[in-house]
Structure formats: C-alpha cells, structure tokens
Amino acid sequence: MRKYNRSLWAVMAVFAAFALAACGSSSSSPTSATSATTPSSSAAPAKSGGSVTFLYGVAPQSMDPGMDYTTQGAEINWVVYTGLTTYAHANGTAGTKVIPGLCTALPTVTDGGKTYTCTLRKGLVFSNGQPVVASDFTYTLERAIKIPWGGSGEFMTPVVAGATAYSNGKASTISGVTTDNATGQITIHLTAPYGPFDNVLAFPALGLIPPGTPFKNEPTNPPPGVGPYKVTNIVPNTSFTAVPNPYWAKMDIPGIPAAKVTVNAKISSNIDANALSVLNNSADFFDWADVIPGSLLPQIKSQASSRFKLVDLGGTTYYIFLNSQHKPFNNLDAREAVVTGLNQQAMNRLGSGTLIPACFFLPPYVPGHPTGASCPYNNSSFTGNIAKAQALVKASGMEGYPVTVWSETRSPRQQWMTYYTQFLNQIGFKATQKVIADANYFTTLGDLKLHPQTGFADWNMDFPNPVDFYGVLLDGNSILPTNNENFGETNDPYVNSQVAKLSAVPTADLNSVAGEWQSLDKYVAQKAYVAVFGYETFPFFASDRINYGATVFQPEYGWDWTSFSLK
Amino acid sequence: MATTTSETGSQFSTDLPAALVHEGEEVAAGTGPWRLAWRRLRRNKTALFFGGVFVVIVVLCLLAPVYSHDVAHIGPATQNITGSNLNTCPPTCVGPTDIPVGPSWNISKYFLGADSLGRDVAVRLLYGGRNSLEIGAVATIITMLLAMILGIAAGFLGGVADNIINLILDVTWAFPVVLLGIVLGTLIATSGIGPLHSTTLMSTALIIGVVYFPYVAKPIRAQVLSLRQREFVDAARQQGLGNVRIMFGEILPNLASTIVVFIPLILANAILLEAALTYLGAGVQPPNASWGTMLSDGISTIPAAFHNVLAPGIMLVLTVLSINIFGDGLRDALDPRSKVRIAH
C-alpha cells in the first residue's frame, strides 16, 4: 500500500521552529540498519500496568477498521480487531508468519485452492462482552465491501465468489461464504485460486465485528472487536486511548499476547517536536511511520543510543519507475543506463542515511527476495558508474531525448527526484522535473492517459507475499485506465505468466515456490524495468521509561503495542 | 476645504493640514497633485529608507548572474552532494545524514553554505529573489488588470453585469486558496491550460493573480459606484462619449491613488503566497530557485542547518517589510486626509 503521510508545514513554522533549535553534532558515519530479530535477552523483566504516550505525526485515516487503509490505522487496529488469521508477534522474518487468529487453525485449502475452511474458537466474545459467532465473519466481509474498505476492490470483491454480485447490489448476501454458528465452521469459496488469501484474512478490515454495526464509516464510535486492546476516548485527528481488553485474557488465544499498558495516543504534525519529546522523555513512543529529521538524528544517536534503532522492516521498496512502453525507456540500454549510473549512496545521503542501497524489487522479508545474489548492473559500493551510463545512453540512440521526471513535494522525495533529474541530464538525456502536490501525486500518475516516463514510486507491503508487489505493480494485467499502480506500464509476457502461475500458490506453501519468485525477481532486475534505489529503514525510538529490549518491531505493522511495558 | 478639480476630475487636495506643512514653506499656486504627493513622500524618511532597501534588494537580485559567474563560479542548480564534483566542500557538501555544510563567509565559495543537494545558498538566494520578484510583479500586474477591468465594469454598468461580475468575485474569493493552488498546479503540470503547458514562472504568477484580484476589484467597484454619480460623468455622457471611453478615460484616472496604494500590498502578498504555493507543487518547479522553494527545502534541516531557511526568510521579511512600509508612505503621500482622519 502507499504510505500517505500528510505533513503540513506552514511558512511561519520557520520562526516557531527556531524555538526548537538544538545544537547537534554532525555524524561521520551512517547508521547501519538493524534487521532486528528477537527482543534482546538483556531486556528488563516486563512490568504490567501503567500508561504510555504514543505520538503520531499523521492521524489514522479512521479508527473504523472497515474504512482505514493506512499504516497508522493498521498499527492499532491490528491489536483491536483480530481476524480469522493473524501474524506472529515477533521481530524479523518470524513476524511475517501467518498464524491462526480467531480460528483454531490455519484454514484448510481444498478444491484446487478455491475453498478455505476453518472453525472459530469457542468462547470468543467482543470487547463489549457480546459472544462471537461464525456468521459474524460474513457480516464483517459484507460491511468491508460496502463501505468500501480501500483494499476491498483488490483483495475481496473479485476474489470471493458472490462478492461482486453483492457489491453491485444484485445479491443480498455473499453466496461464496457459508457459516454454521452451531459448529463455528466458516467456508469461503473463491472465484479462482488466490495464494495470499490467508494474508487477506489477517487484514484488520476483516477483524470480526458484531452484526448490526452500521454500514458506514464510524470514526468516533468504531465497533467493538476481538483483540488485546480496545479503543476509547476518540477525539478525531487529536487523540485516542487504547486500554487492555478486559475479556482478552480469558480467551487465551495462543500466539497473541495480552496488553500490558494503557496507551494514550496523540496526533501532532510537528515531527521535530515529537522526536524531541521522546528524546526528553516527555512522551514515550515516536511513530515508526514518521521520519525523524536528519538534522536530529546525530543528537538522538548520541544521547539515546540504547532506545533508538533504524530497523529494516523488510517490506518497503523505494524505486524509480521507467516506462517501458514509451521512449526513451522502451529501450533496454536506456533503462540499463539509469540503473548503472544512479548513485545510491548520494540518494541515501538525501534520505538522511535511512536507506539500504538495493537492486531487487522484492524487499528482504518478502519470500522470493534473492538473498545474497549479485546485482546485475550496480557496482558493489552502489556509487554508480557515470561513464558507463553515458556510453549506454549513446548506444541506445536516445541521447538528448526529452524526459519528464515526476515527483512529490515532500522531502526527501522531491530532493531525490531533483538529484535524479540532474543525473539524467548528466548521462545524456534532456530531463525536466515536474512536482505534483502529495495529495494528488499517485492519482495523477495513475491516469494512464498521462503515460509518465519516469518518476518516484514506493511500495509498502500489504502482506509478505510477492503477489502483493508483482500482481499490482509489474503485472501487465494489472494496468488500469485510472488508479493504475503499474506506472511503468510493464507488460512482459514472461512476468505476466509467472505471476499468474505463482499467485495461485497458497501462503502456507509459499516457501516451495520461493526459488521461482527469486528467479523472476532477478529477471526483472536484469530487464531494468524499475530502478530500485533502496529499502527504507524506520525509526524505532522510545523514551527511557520503556522496557525497550522487550519491544517487538513487527515487520507488518511496526510497533507491536502488546509488547509495550514499563521498566 | 478647497479642492482642485483637474481636467481628469482628480480629487487630490491642495489644502495641506498644518502639521504637514513645514514652517515657512509656501505652496506655489498651480502645483499639481502628483508633485505635492512627491513632496510629502520626500519628507517621510522612513518610507524612503525602506523604498531604498527594496531597490537595493532588486538590484542585488538582478546581479545574480554576475555573482554566480564571476564571483562564486557556480550555477544555482549545480549539485554537489558528496563534494566530489567541484571539490569545494571539505570534506563533503552534504553529510551522511543530509546535513549540508554551513556558511563559509568566503564571498567566492559557499558564502552562505550549501543546501541539502549541495547547491550554493547565496547564489540560489539571488536567483531565487529574481524569480520571486518576477512572479510577484507579474502576479501584481495580472491582479491589477483583472481588478480594474472587472471592478470598473461592475461599478459603472450595474444591473446584470454587476451581478454576474460580483458572483465571479465572490466565488473566486470564497474558493480555498490551497485547493485552487493544488488544482491549477496539477492541471498545468499534466495537461496545461491554454498556452501554459508546463509549470513555469508564468503559471505560478497566473495562479496568484487569479487568487488576489477580487481583493482589489471589490474596493474599486465600490469607489466606481460613487464616482459614476458625479457631474463629470454626466458631462462626459452629454458630450456623447461611449461607456468604454467614460470608464477608462474619465473614471479610471480618479482611481489612480487607490490603484497605486494597492500595488505594493499585492506585490508583498504575492511574494508570500508564492512561498506557500511551493508546498503544494503549484509554485516554482525545480531546479529553479525561489525564496519559497528554499524555505520549503530547508525546513527539514532546521535544527542543524538553519542557514537554509534563515537566509531566504530574512530576505522575504525584508522585502515584504520594505514594500509595506513604502506602500504606507505612498498612501499617506497620496491621501494625507486619511492620516488626519485617523488622528481624530
């Protein structure tokens, strides 16, 4: 999914920010990103009770899971609304594993991958004490489709049999879902085999909610869920409180810990102030989805090294798309020139040292990432080879060809594309940059009539399955006239056929085809359909009060709120 | 109070309040209103000083190519992230965590330091000033032209024409500037509007000009509503002059003081709005510089490299302040009665 961080900077903040100015020492070496594994064994014993303050720079889209489709919302909704499946509460690759949620086991997949069956655990209740029954799943799915939830058009409506007719108003329920409240059995029929369906069931949007919940966005009065937390005291775009669900411990669902602290979440768009608050221990958590200003990083690293890490969550790729259907990048030499010459270390500086230089499209924690493989074009230091790039541009016959580089306004994305524009001019193109307001950027590029030649793009995994990347961003069959995400209009028959074949493999069997996904990823790198320039690392920064060693950096959702505890 | 009516029906007063006449000074008979206004302005040392400051800023910005080529030897868009391109930053122009090098105070080498892309801040400051002032000037011209034409037409013609023009003014005025900026900026960038097919300085000036014209058109309309009842308008009609000739030949000159007073106000606001529109992608496009883009780029480096926002911020404040203070002096010189009224 796109990570929409809406930062509003007023010109007068120049003067207000002077009040926050702090002397900082320059950093002489970049921080190496950590791919955190399990919590440190030196963590102090966890203590239950107490409250912590969590600072968001950007508010969740909605506290209603049937509406929200942002990283900010998913971070809390994941531990409020548990689905039939969920993810392991663990760091690193262990956290990408799908585990049973409200079902007793992972769904049984039959009928060639088209039927998923599981049984609801007994004794489940919502956070208001109302019992959970199997038919609540049908209601939850129908509501997510009707609101509609942002991912329903891709992951639910065309996937579940009968959902399209229901969505169009031609059916009163979803015929592909059958439930038995007496036994707790839930059976879901798909229109075609869809491998990542276990991951789809783990979305907070499919976290069960009580029947009768209105079919509309309820941002201030969201429905009760089944999860370690429940949310109260919602003041839209300002604050909310997450308190431990009093019914959770009794249900004793393995693999999903109970909450230990109350979390007072506050929304403050002044990211500098948020970082300083955590540094000074007047707040406890800095939202991982916000960007710590590079100018504060040296100070934080020197003063708070024991409670700050830049973590590669392994699910985000930053790349430059290259339109392979239109000049000049319909020429392989021209595309190769970009990948060969781009100085990723310079891009990393512009990104405050938070990027891990890379060349493969799938990020590290997505099965299919070619771990250990050599990049086909980049040099080992990722500093780029300008001379070779210039030669490739000459060989392509595209020297002097006008190129428009598209970019957002926010930092450092605009700086990245300004640098990239200058680089294209340096290697022989005639490039100019066009900046589009952040709110409009992806929608504008998604209009196929525009045929954008090149520009910035990024993808944060919806779930750790290569289909989430290839099926949306590089499959020729995913090109849409509007809201297109395949900006480079990649339409390679080999890529298309491999995606079609491999996307049918269920999540539980993903490892068996990891090798094929790796081969596909290497093929795409060879073809230079995109110029990957880094995997983003994210700040996990907490106050001195927190038992930092015990916190979990969940690769799918960021901070795992169930791991929060005080020293 | 004695008033002099010139051939164009000017309303300037030659009867100076005592406080505004220097002891022993005599006003010669037949002294024109503009000459009198100039004399009043000349006595306002503060206004003249800040007018001079503005002129100095303009001259400095116009000399940007000279500074760039002959002194700093670096262009406004030349990037130097690692310092290896021009080898002029010890050891790099931009640190590993995006902190650019600070002011060197060496006039020929990164005098005010570098920005996050390793570009020379002093050079960009001067080139940026050119662009900001150019946008401000063109936007002001667009605003004043639109305001004069529509304001005079609405006030003079009345009836249906007045209603329609008022509706246009109200809708434009009510439209959120932010939304208008985003919409127009995106439209121009993707498909263009008329001759504007890419985001150029003209595009930004057009957006600002359209945003501000209602603020000037409405006061002009109000003044014209009063002027059209005057005898000189009747006299012009009696002479057989057409509406257009009356509007722009008889009424327009009487609006001179209003128009002149608005010009510096709109200019100052246009420069400020350009800075704001940059955040929305509707401002100056990279790699071109403007004070707005420099502020936008420099915000993220404030705690450790606030020179990136301090320099354009100071220039912006100085420019807007000098325009406003000079504008106040100009208003006082053209219509001293307003000053006297306030004192009472």
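View 1. The model is predicted; local features need pLDDT of at least 70, side-chain atom pairs count only at pLDDT 80 or more, and totals for chains, interfaces and linings use all residues. Residues are numbered from 1 along each chain as its sequence is written, while chains are lettered from A and ligands numbered from 1 in the order in which they are written. Helices (H or I, at least four residues) and strands (E, at least two) are DSSP runs, numbered from the N terminus.

**View 2. Buried residues of helix H12 (residues 386-396) of chain A.** Ala389(A), Leu392(A), Val393(A) and Ser396(A) are buried (20 or more other C-beta atoms within 10 Å of the residue's own, C-beta atoms being placed from the backbone). Seen down the axis of H12(A), they fall within an arc of 100° (taken from the directions from the helix axis to the C-beta atoms) and so line one face of the helix. Their cover includes helix H10 (332-341) and helix H13 (413-427) of chain A, with contact meaning C-beta atoms, placed from the backbone, within 7 Å.

**View 3. An open sheet of four strands in chain A, in the order S4-S5-S7-S6.** Pairing is antiparallel, two strands being paired if DSSP finds at least two bridges between them. Strands S4 (108-110) and S6 (177-180) of chain A stand at the edges with a single partner strand each, so one side of each lacks a neighbour in the sheet.

**View 4. Strands S5 (residues 115-119) and S7 (residues 185-189) of chain A are joined by five bridges.** Cys118(A) stands opposite Ile186(A) in S7(A).

How values were computed: A residue is buried if 20 or more other C-beta atoms lie within 10 Å of its own, exposed if 12 or fewer, and partly exposed in between; C-beta atoms are placed from the backbone. Two residues are in contact if their C-beta atoms, placed from the backbone, lie within 7 Å.
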